[in-house]
Amino acid sequence: MISNARNHNAKLVKQKSKVLQHALACFNYFKHTRSLLLFMICSLLFNTKGSNQAGAQLLINVQNQGGEVIQESITSNIAEDLITLEFQKTDGTLITQLIDFRNEVQILKALVLGEEERGQSQYQVMCFATKFNKGDFISSDAMAKLRQKNPHTIRTPEEDKGREIYNMSSWVQLNRSLPITRHLQLLCAEATDATYVRDMDIKAWAELPGSSISSLEAATEKFPDALSTRCNEVSSLWAPCLCTLETCIGWYPCGLKYCKGKTAAAGLGADTSGAQQQQQQTNYRCGIKTCRKCTQFTYYVRQKQQCLWDE
């Protein structure tokens, strides 16, 4: 038994050593290439445990307006009533869109890689929380039922919903953000000083059952009133300004399609021969509608250095 225990412990030590070697290899690769995405992928190769997302996932190949193909990951979590959509833009920016149907909250998270030639060796993360309008995206339950017949097909949306402009007005205090949604603090943990919201959305959430304007306002801090200068109009890298960030979701299921059909229904006839069959017209689900939509966020930054792309 002692020999067996020693052998077992030796195997555990050997396994841990391999994991550490993989982690070190990933770190060294990241250190020399400064490629955040490859570091994340490399880390996932040896850390397969801990994934507890319940629901279904689709991987969609989408062609953007520039003709380039990117891959979107769309995950549905029925238990939490959530949908998460994620993809990496061609410039390396990682976009995560989370929809919390229960609280009518949409979070868009952007992880932007730094520009080394301008002194930015690290990445920065911004989060934007907005009111979600039901009907703009299919439900988490409907999303979980979707299946891919041709996973390698390059998808294009049926409808372009254009661009929606959001002028953010406040920071979100993540440690007080529970009244908005509990998912903010976890998803935006790296955006402690860069999570934003609008006053009009705060007022809209306050009208939902169980919400209060006081608790929602306590979770936010308003921008300085005097600032109105855009970052592309400021020369100093250390001056405050209004930054603009735009991103586009190239393909997403924005609604369900319904087709018309006929079913037989029993009806009473005028004669005495009993029930006769009548045809009734009904609608049934027969597919999904897909859309494309861009969003432009304008928000306060304390230094132009945090908004080098807006030039």
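Modeller: The following account treats the disulfides and then a cavity.

This is a predicted model, in which local features need pLDDT of at least 70 and side-chain atom pairs count only at pLDDT 80 or more, while totals for chains, interfaces and linings use all residues. Residues are numbered from 1 along each chain as its sequence is written, and side-chain values use heavy atoms, with hydrogens and water left out.

A disulfide is a covalent bond between the sulfur atoms of two cysteines. Taking a disulfide as a pair of cysteine sulfur atoms within 2.5 Å, the count comes to five. Among them is the link between Cys 127 and Cys 188, with an S to S distance of 2.2 Å. Helices (H or I, at least four residues) and strands (E, at least two) are DSSP runs, numbered from the N terminus. Cys 127 belongs to strand β6 (residues 124-131) and Cys 188 to the loop between α4 (183-187) and β10 (195-197), so this pair ties together parts that are 61 residues apart in sequence. The torsion about the S-S bond of Cys 127 and Cys 188 is about -100°, and the disulfide is therefore left-handed. Buried means under 20% relative accessible area, exposed over 50%, and partly exposed in between (1.4 Å probe, protein chains only); Cys 127 and Cys 188 are both buried.

Another disulfide is formed by Cys 231 and Cys 241, whose sulfur atoms are 2.0 Å apart. Cys 231 lies in the loop between β11 (220-222) and β12, whereas Cys 241 is in strand β12, so the pair ties together parts ten residues apart in sequence. The link of Cys 231 and Cys 241 is right-handed, with 85° about the S-S bond, and both cysteines are buried.

Strand β12 also contains Cys 248, which is linked to Cys 294 in strand β13 (residues 275-301), 46 residues apart. The sulfur atoms of Cys 248 and Cys 294 are 2.0 Å apart, and the link is right-handed, with 100° about the S-S bond. Cys 248 is partly exposed, at a relative accessible area of 22%, whereas Cys 294, at 6%, counts as buried.

Strand β12 (241-268) is, with β5 (105-112), one of the elements that give two or more residues to the lining of the second largest cavity. The lining of the second largest cavity includes Leu 245, Glu 246 and Thr 247, and its residues divide into five nonpolar, two polar and two charged (nonpolar: Ala, Val, Leu, Ile, Met, Phe, Trp, Tyr, Cys and Pro; charged: Asp, Glu, Lys and Arg; polar: the others, Gly among them). A cavity is a set of points on a 1 Å grid over the protein atoms alone where a 1.4 Å probe fits but cannot get out, and lining residues have an atom within 4 Å of a point.

Conventions
1 Å grid on protein atoms, 1.4 Å probe; cavity = no way out; pocket = protein on both sides within 12 Å on 5 of 7 lines; lining within 4 Å.
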